[in-house]
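Work through the exercises below with the structure open. Each task is followed by a solution in steps.

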Amino acid sequence: MDKLTTYINKYISLDQDELNEILPFFERKVFSKNKFLIKKEQVVTHYYFIASGGVMIYDIVDDIQYTRYFAFENEFIADITKIKSKQRSTSFIKTIEETEVFTISYEDMEHLYDKLPKWQKFGRLIWEDAFTSVLYGIHNFQSLTAKERYLDLLNRSDLIFRVPLKDLSVFLGITPQSLSRIRKEISTDKTSAKN
């Protein structure tokens, strides 16, 4: 729970009594690689804090996979569009490596919101960050070239080294061949710069 505690304290200051009240609502789970946190048509009931590992969020439409997002350590995720109304997910959330998560139910989250004003602030701040990240991704997708999107990811995260080439190319909106070409160009550029 240390990583979860550190994550919470990044957003709000809680004393030990408050932490002792909050942390028991979270349940630790470990998933091996390629296991589902959520499957399409599953009723969405929980939020997930990723303590280690990573997940891929994707849809399948007409037998074609559309990768929407990757989430890694120190991210709080959920199928936020479905959880409040307990609807069935239209997406899959699958691990891309062994992943440790701490889950909390929608009901328990709401209980803590009602009981602790600081927890309301926590919820607002994490979802503001999530929304900002989504807008950033949309802006990049609309305004940057594939190579620029790849370089931006390279500068922000090590996810490009942890995600299968096929899934990363879908996320970037290019073919695996184009991604291989971009990687080769960047490698050549770095080699040229050193000489």
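**Exercise 1.** Classify Trp127 as buried, partly exposed or exposed.

Solution. In this predicted model, the relative accessibility of Trp127 is 21%. Buried requires under 20% and exposed over 50%, so Trp127 counts as partly exposed.

**Exercise 2.** Classify the ring pair of Tyr47 and Trp127, and state which parts of the chain the pair ties together.

Solution. A search of the whole structure gives 16 aromatic pairs. For Tyr47 and Trp127, the ring centres are 5.9 Å apart and the planes stand at 40 degrees, so the pair is tilted. Tyr47 belongs to strand E3 (residues 46-52) and Trp127 to helix H5, so the pair ties together parts 80 residues apart in sequence. Tyr47 has a relative accessible area of 4% and is therefore buried.

**Exercise 3.** Describe the geometry and setting of the pair Trp119 and Phe122.

Solution. The centre-to-centre distance is 4.3 Å, with 25 degrees between the planes. Planes under 30 degrees apart count as stacked, and Trp119 and Phe122 are such a pair. Both residues lie in helix H5, 3 residues apart, about one turn of the helix. Trp119 and Phe122 are both buried. They also belong to one aromatic cluster, whose members include Tyr47, Phe49 and Trp127.

Definitions and conventions. Residues are numbered from 1 along each chain as its sequence is written. This is a predicted model: local features need pLDDT of at least 70, side-chain atom pairs count only at pLDDT 80 or more; totals for chains, interfaces and linings use all residues. Side-chain values use heavy atoms; hydrogens and water are left out. Rings of Phe, Tyr and Trp (its six-membered ring) pair if their centres lie within 6.5 Å; planes under 30 degrees apart count as stacked, over 60 as edge-to-face and the rest as tilted. Helices (H or I, at least four residues) and strands (E, at least two) are DSSP runs, numbered from the N terminus. Buried means under 20% relative accessible area, exposed over 50%, partly exposed in between (1.4 Å probe, protein chains only).
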